[in-house]
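Please read it alongside the sequence and the coordinates.

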Amino acid sequence: MKALTRLDGPAKLTGAARYAADAAAPGTLIAALVPATVPTGRVTSIDTSQVVDATVLTHHDLPRLTPLPSPPLGHSVLPLQDDLVHYEGQPVVMVLADSWQQAREAARQVRVTYDDVRPPLLFGQAEDVVPRSDHLLGEADESTGDLQAGLAAADRIVEATYTTANRHHNPMEPWAVLAEWVDDELVLHASVQAAALTQAVVAELFGLPADAVRVICPFTGGGFGSKGYVWPALPLAAAAARVTGQPVKLVLTRAEMFTLSGHQPATRQTITLGATADGRLTAIRHLSSNAAARVDDYAENTTHGTTWLYASPAIHTEMRVQRVDRPQPTPMRAPHEGPGIFPLESAMDELAHELGIDPVELRIRNEPAADPMTGRPFSSRKLVECLREGARRFGWSERDPEPRSMRDGHDLVGWGVAAATMDTFRAPSAARVRVDAAGRVTVETGAQEIGTGLPAMVQAVAAETLGCDAESVQVRHGDPDFPGHGGTMGSMSAMGLGSAVQAAAREVLDKLGANPGDPLADALAAAGLPELTAEGRWAPESSLAAGRSADHSIHTYGAIFVEVRVDEDLGLLRMSRAVGRYAAGRILNPLAAHSQMTGGLVWGYGQAVLEHSVFEPVLGRFLSKNLAGYVVPVNADIRELDVAFVPDDDRLASPVGAKGIGELGAVGVAAAIANAVFHATGRRVRDLPIKIADLL
């Protein structure tokens, strides 16, 4: 399809795009939160004697809300409902004032005392337990074949334990909401990733019919998963607005984003691979545990990708969580496979080294003909093509396999490879197409533009289906009166919304008796219509279908090759170039897709060498709730990136042939970098992020 520039670009560049914090209403009160300073305990007193020019709300003042699980709530325990503290940073007081400065100063004057405080239970101290089923993509334990027999048949066994770090999303725009009650209707200008889900959840919390809640969100300034569920800021603002009878605006600080919008939890994973001397896998075992809040299980599902990536007669996976004293984790860009593929692809590199087999060739030799766990056929699978094309482009055949064999001055040079895969999440979506007498086309959808260029994708699908110029298609989005969308998350917008737009556009042609490419203005005139509206819907086999449908195994794939340079004296690590090749269904807008994959590579680099939210064990809090102590990649960190797609049109995944791409680019990068580090230095690093101390 034709590469289209972003429809939302001019509005964002000129400041015309309106975000949640830009919303205004007469008489708005500005809210600030007072966070708990202890990891557990009970509020015993709240001293507000020093507060001036502000209203203070505690758990005694706010209405009781309907209890709901997590998900769809971020935390199932809503703050300011009782006197219990479940995590450091939990809001225990809310302050309202006429300005942000007044509210923040008043919040600083509140003094809270606690009782029943105890040291926090930490990850690594708690027991591994089976997570509750509503937090799993499948079963906690999955098996096929005889694991022990597979290990016994192996000529070589590789087993190692790997860890990944706590990480935080840090979108440019923090959580923000303006809540206003108009009679019995609640209007929310909110920074969310799923307006329809937010509407349903808030309605249930407040005991309202769904149509009494309006969620307005045309633009979301990034989310990466942190705005997918309903987090405390939104119901707190709505509750405060109901109590005061005035609109309430709440915008979280950067520090509050570290505790009130989720994070990716630390994991500890053990991989065991058995293989014959010629590199055929005989057994795979993947055991995983991640940190979860004590009150809510959150399973990272790191073992999921292991069940379909490689052929093996025996596969066994176990998923566990540790219930500890911390805020609730949540999906973060490339959840599950992001942290889960790192140990698997690192272990595959270790196995290749042990067997003396090229790492690319080892992966190709273990390409399955069907889903190893279920036996179902793949809807499409072009991992081998990605590996071969990526290796050709990278120049992999020039690699000397011996560790420490490649050097450039003081730098040790290493080349590494890893496969990438993501589950294919699919959800219902709807869209409306309008055609006026001049033949101009307008597409309306409740979806948010979150930074991915979604409006241009909608424009491309509508133009292709109708056979008109893309420039004649206008896209309107984020209004609650528009047809609902499953959510801008889980890499599922292109296939879901694209399929709904395609269905609506085809309905327009059917109603007009027209063919793609026919002048729409002429067709309307011939039908005697001043305008025409059609609505299209699409849904997978179930309300939320992950990568295994009733008949097929549906996933995306890729191969990532990296070159690293390690200063032998200083231990400084740089990724000097990377090549990624991906098979992710039909690409609806090549320009935006390239941008997404490039951003994914940068995201994966951050996971590999920079990002780590240290959890302080005494205070039971994330130590650096800012972008000074939590380091993310900047332009100077990133050198040459080369990403492209192999042809892949998967009509079993969606009617438009698309699958998800937004998260795939972040998968496998950390493993490829760690494998390149081993090739450069001879040191096998199994803990992320890779630190200077690991390389000295």
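Is Glu444 buried or exposed? At 2% relative accessibility, Glu444 counts as buried; buried means under 20% relative accessible area, exposed over 50%, and partly exposed in between (1.4 Å probe, protein chains only).

1. Basis of the note. This is a predicted model, in which local features need pLDDT of at least 70 and side-chain atom pairs count only at pLDDT 80 or more, while totals for chains, interfaces and linings use all residues. Residues are numbered from 1 along each chain as its sequence is written, and side-chain values use heavy atoms, with hydrogens and water left out.

2. The sheet. Four strands form an open sheet with mixed pairing, in the order β21-β20-β19-β22. Helices (H or I, at least four residues) and strands (E, at least two) are DSSP runs numbered from the N terminus, and two strands pair if DSSP finds at least two bridges between them. The edge strands, β21 (473–477) and β22 (531–538), each pair on one side only. From one strand to the next, the twist averages 20°.

3. Pairing within the sheet. Strands β19 (residues 429–436) and β20 (residues 441–445) run antiparallel and are joined by four bridges. Val433 has Val443 in β20 as its bridge partner.

4. Helices on the sheet. Helix α12 (residues 493–512) packs on the sheet and touches β19, β20 and β22; its direction makes about 140° with that of β22. Helix α13 (residues 520–527) lies across β19, β20 and β22, and runs at about 80° to β19. Contact means heavy atoms within 4.5 Å; axes are lines fitted to C-alpha atoms, for helices over the stretch in contact, and angles run from 0 to 180 degrees between N-to-C directions.

5. Glu444 forms a salt bridge with Arg476, with the closest N and O atoms 3.0 Å apart; the term requires a side-chain nitrogen of Lys or Arg within 4 Å of a carboxyl oxygen of Asp or Glu. Because Glu444 lies in strand β20 and Arg476 in strand β21, the pair ties together parts that are 32 residues apart in sequence. Arg476 counts as partly exposed, at 37% relative accessibility.

6. A further salt bridge, and the network. The side chains of Arg586 and Glu464 meet at 2.2 Å, N to O. Arg586 lies in the loop between β24 and α14 (590–609) and Glu464 in helix α11 (residues 454–466), so this pair ties together parts that are 122 residues apart in sequence. Salt bridges that share partners join Arg432, Arg434, Glu444, Arg476, Glu535 and Arg537 into one network. The whole structure holds 47 salt bridges.

7. Buried residues in α10 are Leu383, Val384, Cys386, Leu387, Gly390, Ala391 and Phe394. They cover an arc of only 160° around the axis, which puts them on the same side of α10; the arc is that of the directions from the helix axis to the C-beta atoms. The buried residues pack against α7 (306–309), α9 (359–365), β18 (411–423), β23 (555–567) and β24 (573–583). Arg388 and Arg392 are exposed on the other side.

8. Arg392 forms a salt bridge with Glu389, with the closest N and O atoms 2.7 Å apart. Both residues lie in helix α10, three residues apart, about one turn of the helix. Gly395, whose phi is positive, near 85°, follows α10.
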